[in-house]
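User: I'm new to reading protein models and would like to learn how to pick out features. Can we go through one together, step by step?

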Amino acid sequence: MKKIMDKAMISCECAGQLIEKKQEMKLSLADRMKLKFHLMMCSICRTFEKQSKLLGEWLEQQSEFPSRKALDKLKQKIKEQLDDE
């Protein structure tokens, strides 16, 4: 049981990285479980996750800060134009 706990426990630094990564892409099942387990025990990281999410949403609403989806659409449009030429 101790081996399982040691593998499941991650540091706050690692949890913070996973929280940020989660905003950009889907986490693997192992990473989701590690983060969920950490967040159950760490109120500081839960607060960080909420603040990070709010900040990300606010930034996406700013007109000069394009969202990930907007950037992906722009890349696709450029690629299509290059293919046409």
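User: Let's start with M9. Where is the place of M9?

Analyst: M9 sits in the loop between helix 1 (2-8) and helix 2. A helix here is a DSSP run of H or I with at least four residues, a strand is a run of E with at least two, and both are numbered from the N terminus. Keep in mind that this is a predicted model, where local features need pLDDT of at least 70, side-chain atom pairs count only at pLDDT 80 or more, and totals for chains, interfaces and linings use all residues. Residues are numbered from 1 along each chain as its sequence is written, and side-chain values use heavy atoms, with hydrogens and water left out.

User: Does M9 count as buried, partly exposed or exposed, and what does it touch?

Analyst: Buried means under 20% relative accessible area, exposed means over 50%, and partly exposed is in between (1.4 Å probe, protein chains only). M9 has 38% relative accessibility, so it counts as partly exposed. For touching, contact means heavy atoms within 4.5 Å. Not counting residues up to four places away in sequence, M9 touches F37 and M41.

User: How do I read the way helix 2 and helix 3 cross?

Analyst: Start with the axes, which are lines fitted to C-alpha atoms, for helices over the stretch in contact; angles run from 0 to 180 degrees between N-to-C directions. The axes of helix 2 (residues 12-24) and helix 3 (residues 29-41) come within 10 Å and cross at roughly 125°. Next come the names: angles under 35 degrees are roughly parallel, over 145 roughly antiparallel, 65 to 115 roughly perpendicular, and the rest oblique. Helix 2 and helix 3 are therefore oblique to each other.

User: Is that crossing left-handed or right-handed, and which residues make the contact?

Analyst: A crossing is left-handed if the near helix is turned anticlockwise from the far one by less than a right angle, and right-handed if clockwise. Helix 2 passes helix 3 in a left-handed crossing. On the helix 2 side, C12, A15, L18, I19, K21 and K22 make the contact, and on the helix 3 side D31, L35, H38 and L39 do. These residues divide into 6 nonpolar, 1 polar and 3 charged. In that scheme Ala, Val, Leu, Ile, Met, Phe, Trp, Tyr, Cys and Pro are nonpolar, Asp, Glu, Lys and Arg are charged, and the others, Gly among them, are polar.

User: H38 is in that list. Is H38 buried or exposed?

Analyst: H38, in helix 3, is buried, with a relative accessible area of 5%. Leaving aside neighbours within four places in sequence, H38 is in contact with I10, S11, C12, A15 and C45.

User: How many salt bridges does the count come to?

Analyst: A salt bridge is a side-chain nitrogen of Lys or Arg within 4 Å of a carboxyl oxygen of Asp or Glu, and by this rule there are 2. K21 pairs with D31, with the closest N and O atoms 3.9 Å apart. That pair links distant parts of the chain, K21 in helix 2 and D31 in helix 3, 10 residues apart. K21 is partly exposed at 36% relative accessibility, while D31 is buried at 18%. K22 forms a salt bridge with E49, where the closest N and O atoms are 2.8 Å apart. K22 lies in helix 2 and E49 in helix 4 (residues 43-61), so this pair ties together parts 27 residues apart in sequence.

User: At what angle do helix 2 and helix 4 pack?

Analyst: They pack at about 30°, with their axes 10 Å apart, and are therefore roughly parallel to each other. Helix 2 passes helix 4 in a right-handed crossing. Not counting residues up to four places away in sequence, S52 touches I19, E20 and Q23.
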